[in-house]
Amino acid sequence: MFGEVLKHHREAALLTQAALAAKIPCDRSHVARVEAGTRVPQESFVRACDELLGTGGVLLRLWGRIDWYPEVEHPDWFERRAEMDAELVALRAYQIHVVPGLLQTEDYATALFSRRLASREQVEERVKARLSRQQRFLASDGPLYVVVLDESCLRNAVGSAVVMRDQCAHLLSVGQRPNVRVQVAPANLPGLVRPNTSMSLIALPDGHEWVYSESLDRGHFNDDPAVYGRHSRTYDVLRADALSASESAALIAEVMEGYGHEQPQVQLRDMDQEQLQRPRRRQLHRSGAELDQEQLQRRQRRGLHRSSPRYPRRRPRPGQQEL
């Protein structure tokens, strides 16, 4: 139904799928899949379509009333965590290696699950279940979600460069929501104390607090107040020492550019370039994170060569033989 309504307004505006995609911007195939009902659109995509097609907000209102994931099935070991996501009031998380599931794009999640599962049907079911958890956090009245990403989440390529560029763009877009904050813990920031693994601090409506972590195909829950307090202090110190949200956005934008110049499928809205440049300059002063290690090593090698001591060469006097 949503796809048909979108198609109606696009054709009324005398735009082809390719023309609309160029204005959003995104791939033409993305528009085609949304209209065909095989791709769940992100809110940013829907807002852009409303503005470009002059619908008066019809698409966004319809998008908010559709149950996009009426039937999903999580792995047995993850059911309890999924139930908590559906009711929690606050979530604070630290993530290493891969972008957390609540912030993954569909293409990123597909590439990630394709590494582990052989069946296409299994991959599609897992991706569908993962995306279903995101809707509550991406709603206008969603719960507080604060996440600190280890820089490895941005550097560890999952799928193609286009997939990673779109994923970075999605992080920038989601990070502008009032209930979501995305921060980055740079790889080379001195004195930064990181947890040994990814973890989540969950606050439920009844005041109950849980620490959640994962091992291979298993979730671990702990509601011991002493354990929660210890991990909470570690997390608070980490978040205070990590890059701020604006500095993190600058680093994410820089990493995104490193994945090439293809147009991202998620549009960056309401973020001017000066906002990105200011934290990037502060980041340079604070951590030097804008230089990758290879560039730094090359400069150091050149510096060593240039700064090596030079000894004057003694020239023989007239009539003397040079030794």
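Helix packing

Reply: In this predicted model, helix 10 passes helix 12 in a left-handed crossing.

Me: Which residues of helix 10 and helix 12 make the contact?

Reply: Helix 10 brings R165, C168, A169, L171 and L172. From helix 12 come A249, I252, A253, V255, M256 and E257.

Me: What angle do helix 10 and helix 12 pack at, and how far apart are their axes?

Reply: The angle is about 160 degrees and the axes are 9 Å apart. Helix 10 covers residues 161-174, and helix 12 covers residues 245-258.

Me: So are helix 10 and helix 12 roughly parallel or roughly antiparallel?

Reply: Roughly antiparallel, because angles over 145 degrees count that way.

Me: Switching to helix 1 and helix 4. At what angle do their axes cross?

Reply: At roughly 30 degrees, and the axes come within 10 Å. Helix 1 is residues 2-12 and helix 4 is residues 43-53.

Me: And how are helix 1 and helix 4 oriented, roughly parallel or roughly antiparallel?

Reply: Helix 1 and helix 4 are roughly parallel, because the cut-off for that is under 35 degrees.

Me: Left-handed or right-handed crossing for helix 1 and helix 4?

Reply: Helix 1 passes helix 4 in a left-handed crossing.

Me: Which residues meet there, in helix 1 and helix 4?

Reply: F2, L6, H9 and R10 in helix 1 meet F45, V46, C49 and L53 in helix 4. By class, that contact of helix 1 with helix 4 has 6 nonpolar, 1 polar and 1 charged residues.

How values were computed
Residues are numbered from 1 along each chain as its sequence is written. This is a predicted model: local features need pLDDT of at least 70, side-chain atom pairs count only at pLDDT 80 or more; totals for chains, interfaces and linings use all residues. Side-chain values use heavy atoms; hydrogens and water are left out. Axes are lines fitted to C-alpha atoms, for helices over the stretch in contact, and angles run from 0 to 180 degrees between N-to-C directions. Helices (H or I, at least four residues) and strands (E, at least two) are DSSP runs, numbered from the N terminus. Angles under 35 degrees count as roughly parallel, over 145 as roughly antiparallel, 65 to 115 as roughly perpendicular and the rest as oblique. A crossing is left-handed if the near helix is turned anticlockwise from the far one by less than a right angle, and right-handed if clockwise. Contact means heavy atoms within 4.5 Å. Ala, Val, Leu, Ile, Met, Phe, Trp, Tyr, Cys and Pro count as nonpolar, Asp, Glu, Lys and Arg as charged, and the others, Gly among them, as polar.
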